[in-house]
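Here is a structure to be read through its labels.

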Amino acid sequence: MASNMEVFCEILIAILLPPLGVCLKRGCCTLEFLICLVLTILGYIPGIIYALYVIVFQNREGNHELGAPLNSA
């Protein structure tokens, strides 16, 4: 589990440079990073919103496989 300070730093980076926050969390060659990069180029606010979604609301344990059932443990 991430500490409160780690989460705060991730959120701060996501607000300042949304693609960098996603890159640090998920990696540079991922679909999440590319979506965030495009959204940030099209508009800064959508990039921030998507970066915060990826960092805060997606599965924090690292099990983010596509097509995995919701109730898998």
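Q: What share of the 73 residues in the protein chain is buried, and what makes a residue count as buried?
A: In this predicted model, buried residues make up 29% of the 73 residues in the protein chain, where buried means a relative accessible area under 20%. The accessible surface of the chain comes to about 5200 Å², and 72% of that surface belongs to carbon and sulfur atoms.

Q: Why is Ile55 called buried?
A: The relative accessibility of Ile55 is 0%, and the cut-off for buried is under 20%, so Ile55 counts as buried.

Q: Why is Val38 called partly exposed?
A: Val38 has a relative accessible area of 47%, and because partly exposed covers what lies between buried, under 20%, and exposed, over 50%, the label for Val38 is partly exposed. Val38 is found in helix α3, and its C-alpha atom is separated by 9.1 Å from that of Pro19, which is 19 residues away along the chain.

Q: What is the pattern of the protein chain, read along the sequence?
A: The chain follows the pattern α-α-α-α, with four helices and zero strands. Among its contacts between residues at least 6 apart in sequence, 53% join residues at least 24 apart.

Q: Why is α1 called oblique to α2?
A: The axes of helix α1 (residues 4–16) and α2 cross at roughly 140° and come within 5 Å. An angle has to be over 145 degrees to count as roughly antiparallel, and 65 to 115 degrees is the range for roughly perpendicular, so α1 is oblique to α2. In this contact Glu10, Ile13, Ala14, Ile15 and Leu16 of α1 meet Pro18, Leu20, Gly21, Leu24 and Lys25 of α2, and by class there are seven nonpolar, one polar and two charged residues.

Q: What makes α2 and α3 roughly antiparallel?
A: Helix α2 (residues 18–26) and α3 pack at about 175°, with their axes 9 Å apart; the cut-off for roughly antiparallel is over 145 degrees, and α2 and α3 are therefore roughly antiparallel to each other. On the α2 side the contact is made by Pro18, Pro19, Val22, Cys23 and Arg26, and on the α3 side by Glu32, Phe33, Cys36, Leu37 and Thr40. These residues divide into seven nonpolar, one polar and two charged.

Q: How do you know that α3 and α4 are roughly antiparallel to each other?
A: The axes of helix α3 (residues 31–42) and helix α4 (residues 44–57) cross at roughly 155° and come within 7 Å, and since roughly antiparallel begins over 145 degrees, α3 and α4 are given that description. Glu32, Ile35, Cys36, Leu39 and Thr40 of α3 meet Tyr44, Pro46, Gly47, Tyr50, Ala51 and Val54 of α4; by class, eight residues of this contact are nonpolar, two polar and one charged.

Q: Where does UniProt place the feature "transmembrane region", and how much of that span is helix?
A: The unreviewed UniProt entry places this feature at residues 31–56. In the model, residues 31–56 are 96% helix and 0% strand, and their end C-alpha atoms lie 17 Å apart.

Key: Residues numbered from 1 in each chain as written. Predicted model: local features only at pLDDT ≥ 70, side-chain atom pairs only at ≥ 80, totals over all residues. Heavy atoms only, no water. Axes fitted to C-alpha atoms, helices over the stretch in contact; angles between N-to-C directions. Helix = DSSP H or I, 4+ residues; strand = E, 2+ residues; numbered from the N terminus. Parallel < 35°, antiparallel > 145°, perpendicular 65-115°, else oblique. Contact = heavy atoms within 4.5 Å. Nonpolar A, V, L, I, M, F, W, Y, C, P; charged D, E, K, R; others polar. UniProt positions renumbered as here; feature names shortened; annotations may be inferred. Buried < 20%, exposed > 50% of the residue type's maximum accessible area, 1.4 Å probe, protein only. Areas by Shrake-Rupley, 256 points an atom, 1.4 Å probe, with all protein chains shown as cover.
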